[in-house]
Amino acid sequence: MIGGGYVGLVSGACFAEFGVEVAVVETHPGRLDSLRQGRIPIYEPGLDKLVADNIAAGRLSFGSDIKEAVAGAEAVFIAVGTPPRNGDGHADLTYVFAAAEQVAQALDTYAVIVTKSTVPVGTSRRIAEIVAHTRPGLAFDVASNPEFLREGSAIADFMRPDRVVIGTDVSQDGGSERAQEVMRRLYRPLYLIEAPILFTSLETSELIKYAANSFLAMKISFINEMADLCERVGGDVHDVARGIGLDGRIGRKFLHAGPGYGGSCFPKDTLALMRIAQEAGASSRLVEATVQVNDARKASMGARIMSACGGSVRGKTIAILGLTFKPETDDMRDAPSIPIVHRLVENGAAVRVYDPVGMESARASMPERITYCADALDAAREADALILVTEWNAFRAIPPTRLRDLMRGRIVIDLRNVYDPAAMAAAGMEYSSIGRPSQAPAKRPAAQAG
């Protein structure tokens, strides 16, 4: 496994759990040292134990020497980063192609070279060209095996997947049967639980990952627009989402209104698919609109907060609960909290923040002039307004009366629709959420509310 980042580490540990001998190559000295000592450099529930168990069993190892790692390997996975290229949204394949050349130089026998990273259509064929040019006469196949791992539930997604997609070079005689057989053996435990395993062409496999993520991003942007409409006409977006989600053709997942999508996949994959489609002369206007709607959505959250605060936050203390783009991860990439906090600080607010695991990773993208708090209640203390940005379970359990007693003000802005409007109103809070009818505070706050 070339790359010990999120995808490489989770995939490598899960393959090891399948009983496969896995060598993970990581060239970053600090990360490699952490992995060798059993310290996981990312937050993913259950991953630390999975890694430790398989290191102890002798099935999982970490090193920086590619030649040593690939010796005798039947499959070599490339799981390095493919960040957006500066300025144009294309995936930067520098690391992928460098890894392909290094693998070609290191191989001493036949292997399947597999792209696990999310890569544009045509990348696997380009890898084949690089390998053939670097090592003329080397016996190898290429395959595409995109990951579909949700941060926070990645191990379960790998072990019990909705599907596994494997692309091989079907233009070859026999459709690259040798490569398919190697991949079948790697995923044999999933055959036993009847997980769907789909074999396709290289190009189809590469496109499936982008298409899946862009479709899910489109569902999120759609329900966010419906939430805005609900606020104008008096509807309830929860009921709208349930009403359409119970339709089996639509499904209930990814219909939760909020401040916009973020993370490591949806933002970069929608941009990349836009560019792929434009270059192919088949521009995808739905994907382009999805990107525009989401960018505008995140940018508008600051204005929503200031409006709820009477038009200005200058001189006010604002508490932010949740910084990461979603719960159960420390990932801050394209998190909605970033533009929100920056706008509040720029407009003169004193901002107090808390996230259960993401505060250290947040520092690089947050303004210097904010206060990192010990817990959610610490953040709420003496705040004029409280904003819930990420729906960590720990925040759901906070009684509205507790917030009322700690805060100086009464404003609660729930960007994830976590709290019960009636309970908030009963506690005397000025509560607003996304796409749900507002409810005026009760005249006499109920002490037992919450």
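In what order do the 6 strands of the open sheet with parallel pairing stand? Select β8 to β13: the order is β10-β9-β8-β11-β12-β13. Here strands are DSSP runs of E of at least two residues, helices are runs of H or I of at least four, both numbered from the N terminus, and two strands pair if DSSP finds at least two bridges between them.

The model is predicted, so local features need pLDDT of at least 70 and side-chain atom pairs count only at pLDDT 80 or more, whereas totals for chains, interfaces and linings use all residues. Residues are numbered from 1 along each chain as its sequence is written, and side-chain values use heavy atoms, leaving out hydrogens and water.

Go to the edge strands, β10 (370-372) and β13 (430-432), each of which pairs on one side only. Neighbouring strands are turned by 20 degrees against each other on average, direction ignored. Next, select β11 (residues 385-388) and β12 (residues 411-414), which run parallel and are joined by 4 bridges; A385 stands opposite I411. Contact means heavy atoms within 4.5 Å.

**The core.** Select I318, I320, L344, V351, F395 and Y419, which touch the most other members of the largest nonpolar core, a set of 59 residues. Such a core consists of buried Ala, Val, Leu, Ile, Met, Phe, Trp, Tyr and Cys residues joined through side-chain atoms within 4.5 Å, buried being under 20% relative accessible area with a 1.4 Å probe, protein chains only. Its largest share, 5 residues, comes from α14.

**The mixed sheet.** Move to the open sheet of 5 strands, β3-β4-β5-β6-β7, whose pairing is mixed. β3 (75-78) and β7 (197-201) each have a single partner strand, so one side of each lacks a neighbour in the sheet. Helix α8 (residues 177-186) lies across β3, β4 (111-115), β5 (140-144), β6 and β7, at about 80 degrees to β3.

**A helix pair.** Finally, select α10 (residues 202-233) and α11 (residues 237-245), which pack at about 135 degrees with axes 9 Å apart. The contact includes F222 and M226 of α10 and V240 and I244 of α11.

Notes. Axes are lines fitted to C-alpha atoms, for helices over the stretch in contact, and angles run from 0 to 180 degrees between N-to-C directions. Buried means under 20% relative accessible area, exposed over 50%, partly exposed in between (1.4 Å probe, protein chains only).
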